[in-house]
Amino acid sequence: MQLSTLALGMSLCGALAACGGGNNEAYSSGLVIVNDSGQTAADPNVAPVGTAGIYAVNFQQFQGIYTFLENGQFSGIHYTNTSVLLGHPRGQLSAANSQATPEPIAWANFVDDLLEFGQQDKAAKFGRTFSPGALDVSIWGNLVGHLSAQAVRQKAWYLGSTRTLYNDPIPLATLSGKYKGIVRTVGILSTQQDVSDFVLDGSGAFSVSSSGCHYTGKLVQHGATGVFDVSASISGCALRPEMKGLVTPMSYENDRPQLGIQLDSADELHTAVFVITKI
């Protein structure tokens, strides 16, 4: 992917809305990605930066939600403030990983060609540095070159809440229900699609159909955190039949949870990312 392709992606952003921080606008599905990455001042009532957690980051060109687990697993979702999904970086980071010592990661870039089918960036690197008052991240890739961002607190349930999405899990019974939102894939020549039939039950089982693909799967809480490990079986399309990843709670605004479901194949060739909000 060449830097000229970035201009294409940015032109897309400009045609829809600015790609900076602040409140997000609705996508055609009615989805609003709830984000507070435009906020720069630390809130003393919200848990400070730690070596694990869920963070909102703002790269100016796009925004992101990053999840860091205590075992070094990293998974992220990139998007514009018009709720267009742009990418999904992920990887297993060592304790030595930092901005000065970045490590290779996999990165599904969803908008990297005129048809917006996307592909996996095979030359991506990522580094994160935790300090007492901030999380600094840097990402390198063929599409965007080198970009950096900072977060000064963990992401709360909603703006002003003292509960964090990572340390204060939203109960599965609360998460269960019907959702709508968007999905983006790499590997089956499909653009971003609306989703309206995502159903999650109280045991963590879910099902959804999109672009000829039928997904059935299971969410399992990751330890005592608010994050879920997820596995899914896929049929009816060319995606790999088994995919795994993480489910990141992105917000709990007005009693409506929003989830980022990140699925990847074992060979890192296929990806499916859902951002869905409970109806």
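Strand 8 (residues 125-131) and strand 9 (residues 134-141) run antiparallel and are joined by 7 bridges. Strands here are DSSP runs of type E with at least two residues, helices are runs of H or I with at least four, and both are numbered from the N terminus. Two strands are taken to pair if DSSP finds at least two bridges between them. The model is a predicted one, in which local features need pLDDT of at least 70 and side-chain atom pairs count only at pLDDT 80 or more, while totals for chains, interfaces and linings use all residues. Residues are numbered from 1 along each chain as its sequence is written, and side-chain values use heavy atoms, with hydrogens and water left out.

Strand 8 and strand 9 form a hairpin with 2 residues between them. Within this pairing, F126 stands opposite I139 of strand 9, and T129 stands opposite D136 of strand 9. On to strand 10 (145-151), strand 9 again pairs in the antiparallel sense, over 7 bridges. A hairpin of 3 residues connects strand 9 to strand 10, and S138 stands opposite S148 in strand 10. These strands belong to an open sheet of 4 strands with antiparallel pairing, in the order 5-8-9-10. Its edge strands, each pairing on one side only, are strand 5 (103-104) and strand 10. Strand 9 is largely enclosed by the rest of the structure, because 7 of its 8 residues are buried. A residue is called buried at under 20% relative accessible area, exposed at over 50%, and partly exposed in between (1.4 Å probe, protein chains only).

For the protein chain overall, 2 helices and 18 strands are found. Of its 279 residues, 55% are buried. The chain exposes about 10900 Å², of which carbon and sulfur atoms supply 54%; accessible areas come from the Shrake-Rupley method with a 1.4 Å probe, and for residues only the protein chains shown count as cover. Among contacts (heavy atoms within 4.5 Å) with a separation of 6 or more, residues 24 or more positions apart account for 51%.

A search of the whole structure gives 16 aromatic pairs. Rings of Phe, Tyr and Trp (its six-membered ring) pair if their centres lie within 6.5 Å; planes under 30 degrees apart count as stacked, over 60 as edge-to-face and the rest as tilted. Y55 and F130 make a tilted pair, because their planes lie at 50°, with the ring centres 6.5 Å apart. This pair ties together parts that are 75 residues apart in sequence, because Y55 lies in strand 1 (residues 53-58) and F130 in strand 8. Y55 is buried at 0% relative accessibility, whereas F130 is partly exposed at 23%. Y66 and F74 form an edge-to-face pair, 5.0 Å centre to centre and with 85° between the planes. Y66 and F74 are both buried. One aromatic cluster takes in Y55, F59, F62, Y66, F68, F74, F126 and F130.

Charged side chains were also placed relative to aromatic rings. A charge sits over a ring if NZ of Lys or CZ of Arg is within 6 Å of the ring centre and within 35 degrees of the ring normal. K125 lies over the face of W140, 5.4 Å from the ring centre. R163 has its charged end over the ring of W157, at 3.9 Å from the centre.

W157 is also among the residues touched by S251. S251 is located in strand 16 and is buried, with 1% relative accessibility. Leaving aside residues up to four places away in sequence, S251 touches V34, K155, W157, L165, I170, R256, P257 and Q258.

Backbone angles of note occur in two loops. Most residues other than glycine have a negative phi. L189, which is not a glycine, has a positive phi of about 55°. L189 is placed in the loop between strand 11 (177-186) and strand 12 (193-200), and is exposed, with a relative accessible area of 64%. D255 likewise has a positive phi, near 60°. The loop that holds D255 runs between strand 16 (242-253) and strand 17 (256-264), and D255 counts as exposed at 61% relative accessibility.
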